[in-house]
Amino acid sequence: MTITRFMPPHRILMGPGPSDISPQVLQALSRPTIGHLDPLFIGMMDELKQLLKYAFQTENEFTIALSAPGSAGMEACFVNLIEAGDKVIVCRNGVFGERMRENVVRAGGQAITVDDEWGSPVSVAKVKQALIDHPEVKIVAFVHAETSTGALSDAQAIGTLAKEYGALTIVDAVTSLGGVPLKVDEWQLDAVYSGSQKCLSCTPGLAPLTFSAKAIEKIQNRRTPVQSWFLDQSLVLGYWSGEGKRSYHHTAPVNSLYALHEALLMLHQEGLENAWYRHQQMHEKLKTGLEKLGFTFVVDQAYRLPQLNAIYVPEGIDEANVRRHLLETYNLEIGAGLGVLAGKAWRIGLMGYGARQENVALCLRALEESMIE
Ligand SMILES: *Cc1c(COP(=O)(O)O)cnc(C)c1O
């Protein structure tokens, strides 16, 4: 056996996630591991909760980082909030909306789907019609920032609408958190999950999660226990809350949480509004350059995510070859198209620490050269 130490190269990550991680966050990751019930670690977790509340713009008492990737954040929302037979409106305008539908069905719920074209935002009018047609609906689930297409949906309008009809909302904010405005309390959103590796630019594997008082109430009034022991948030609650005192639920990913603390601290120091503005500015620069090179966007300007730029691959170009060339020659990773956009689009991420001028410049230069090649 000739296995030696694994030394990854320094890639520049401009795909749909994971995003570039700052050296500060990587340093935090390598600090000494301490016990997850150590008083100092518990103090760090309390700060982490405060920083997460800031990022989500919420006062929700239940605001934590789940020890698992964004997909587990998604699953946690559905298995905790759905009971057998519950009717749930699920909006589908890309890959992740369909995953939500699967979660509803597996949790024993009844999915009522509201479909929009890939690349379009969720139609608020269609959601309203579905709420009128199905007055017994308990939950509306949608993706705020659809990473498979780069479309932004109006979470504020959908959140307000759901409240009018007495429904809770489950919101996928995996790609939106830290990249575009997201105001959990002001928009009256109930169960919102995210991921550590997109606009927060932390290592993958953690899912920030926040539940409103109404969501907690629904969980506390369940007739049946949550089928998943690990994701049952009523058990996790005892681990993340309780002033100073914690009961053991599972071993927290200690060093990953140091990294998230550092990444959120950086976001706090920059200021959320400044971070949103930076993502927008970098998108404008990238857009100007891409248009000069003749590229066109999948999503209309009005709904375009600054942090995820889906562009069409020009006719006659082998898209996989170009991506391989970018990786081999420039150490640059961009994303391929997913689903109906497979082979037809590239997805260029400008997320978190990756939303920087030098990344934009490199990407434009590398793409131009690769196309000539
Ligand atoms: C990346 C992503 C997820 C899944 O997150 P993982 O950390 O890969 O499990 C879910 N929803 C959206 C919108 C995403 O972009």
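Modeller: A polar contact here is a pair of N or O atoms within 3.5 Å; within protein, one must be able to donate a hydrogen and the other to accept it, and residues adjacent in sequence count only if both atoms are side-chain atoms. Bear in mind that this is a predicted model, with local features needing pLDDT of at least 70 and side-chain atom pairs counting only at pLDDT 80 or more, while totals for chains, interfaces and linings use all residues. Residues are numbered from 1 along each chain as its sequence is written, and side-chain values use heavy atoms, with hydrogens and water left out.

Ser71 has a side-chain N or O atom 2.5 Å from a ligand oxygen. With Gln197, a side-chain N or O atom is 2.7 Å from an oxygen of the ligand. Gly70 uses its backbone instead: a polar atom there is 2.9 Å from a ligand oxygen.

Helices (H or I, at least four residues) and strands (E, at least two) are DSSP runs, numbered from the N terminus. Axes are lines fitted to C-alpha atoms, for helices over the stretch in contact, and angles run from 0 to 180 degrees between N-to-C directions.

H5 (124-133) and H6 (155-164) pack at about 15 degrees, axes 10 Å apart. That makes H5 roughly parallel to H6; the cut-offs are under 35 degrees for roughly parallel, over 145 for roughly antiparallel, 65 to 115 for roughly perpendicular, and oblique for the rest. The contact (heavy atoms within 4.5 Å) involves Val124, Val127, Lys128 and Leu131 of H5 with Ala157, Ile158, Leu161 and Ala162 of H6.

For H2 (39-56) and H9 (254-270), the axes come within 9 Å and cross at roughly 40 degrees, so H2 is oblique to H9. Residues in that contact include Phe41, Met44 and Glu47 of H2, plus Tyr258, His261 and His268 of H9.

Two backbone details to finish. Gly17 and Pro18 are joined by a cis peptide bond, omega about 0 degrees, and Pro18 lies in the loop between strand E1 and helix H1. Gln188 isn't a glycine, yet its phi is positive, near 60 degrees; look for Gln188 in the loop between strands E8 and E9.
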